[in-house]
Amino acid sequence: MTVLADLIRALQGGEIEVVDLTADLSAETPLLPLPRQWSNTVPFQLHEISRYDERGPAWYWNWFSTGEHTGTHFDAPIHWVSGKDLPGNSVDRIPARLFIGPACVLDVTAESKANADFLVDVPFIENWERQNGRIPPRSWVLLRTGWSKRKPAAEYLNIDAKGPHTPGWKKEASLFLAEERDVLGVGVETIGTDAGQAAGFDPPFSNHFVMHGHGKFGLASLTNLDHLPLTGSIVIAAPLKIVNGSGSPVRVIALKPADSPPKLGGVPSPSISRARRGGSKREPPRSLRSRPLLT
């Protein structure tokens with residue numbers, strides 16, 4: 001098909017930029033700390049099998065152990081009690097076409113810096129749409145908070161005597177996105193798709209409850225959302241095909257036109273603008289602009 005040939009030419013010619021939205025996965029990857037009465041996942045561990053030695057002279061390989069929801073990961077509907085009886089609810093049964101969709105980036109970096117417990121509500125989304133257009137069906141809605149830049153892990157988790165404090169979604173916002181906009185799911189920079197204080201919401205962890213109860217997905221621990229435009233990029237997030245799996249660590253990538261720097265209050269990101277400075281402005285092939293991203 002012409003559109004696929006155009007895509008390859010645009011990728012190879014630098015007209016489309018590939019942005020890695022995935023955090024490193026290692027023994028140092030932060031873990032979601034659940035209250036003591038519930039079981040927690042184990043840290044990621046990499047175990048060496050051989051490395052060009054007597055165990056295997058010509059090859060290096062490892063085996064690893066980790067939880068399905070460690071690091072940058074995908075949440076399937078079966079992950080939550082509200083989605084446990086839905087058809088096609090585990091990672092192996094989700095149609096592969098649903099791992100790909102246009103991205104809408106909601107930038108709440110300033111709000112999250114001022115208030116670690118900031119929650120996106122429906123009026124915020126509606127105001128975003130007035131400025132950027134209606135969120136299309138089967139899109140990924142990504143919450144840009146700047147949280148992935150927080151180091152070390154203690155600052156990233158941001159826990160005090162009242163528990164974790166990280167931004168997220170009001171239940172009504174999750175319902176709006178799932179029912180009124182029919183999105184694929186939401187993605188966040190924080191360790192989970194719910195706000196840090198969501199254990200006390202009604203229902204508890206309401207974004208998980210709403211999204212997965214509607215057959216939607218989640219992406220957590222994303223990075224580099226500041227490299228994406230608010231609209232106009234495509235996200236690919238394909239989990240491992242674990243039979244009856246509730247989720248999976250995932251390599252999330254985004255495709256964006258190379259001449260579309262992210263909006264930072266109307267000012268392009270310095271790292272992106274420097275890379276573009278002095279270069280010619282190129283538009284993506286017409287076939288990529290004129291054809292729908294999803295049918």
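This is a predicted model: local features need pLDDT of at least 70, side-chain atom pairs count only at pLDDT 80 or more; totals for chains, interfaces and linings use all residues.

Residues are numbered from 1 along each chain as its sequence is written, and side-chain values use heavy atoms, with hydrogens and water left out.

**Nonpolar surface patch**

- Leu-46, Tyr-52, Tyr-60, Phe-64, Leu-240 and Ile-242 together make up a nonpolar patch on the surface, with about 610 Å² of accessible area (Shrake-Rupley method, 1.4 Å probe, only the protein chains shown counting as cover for residues).
- At least two residues of this patch come from each of β2 (45-53) and β3 (56-65), strands being DSSP runs of E with at least two residues, numbered from the N terminus.
- Ile-242 lies in the loop between β13 (233-237) and β14 (247-249), and Ile-242 counts as partly exposed because its relative accessibility is 30% (buried is under 20%, exposed over 50%, partly exposed in between, with a 1.4 Å probe and protein chains only).

**Strand β12 and its partners**

- Strand β12 (residues 217-220) is covered on both faces, with Phe-217 and Leu-219 buried on one side and Gly-218 and Ala-220 buried on the other.
- Strand β4 (residues 73-75) pairs with β12 in the antiparallel sense over 3 bridges (pairing requires at least two DSSP bridges between two strands), and Asp-75 has Gly-218 as its bridge partner in β12.
- Strand β11 (residues 185-188) runs parallel to β12 and is joined to it by 3 bridges, with Leu-219 as the bridge partner of Gly-187.

Conventions. Patches are made of residues with over 30% relative accessible area and no salt bridge: like charges are joined within 9 Å, nonpolar side chains (Val, Leu, Ile, Met, Phe, Trp, Tyr) within 5 Å. A salt bridge is a side-chain nitrogen of Lys or Arg within 4 Å of a carboxyl oxygen of Asp or Glu. Helices (H or I, at least four residues) and strands (E, at least two) are DSSP runs, numbered from the N terminus.
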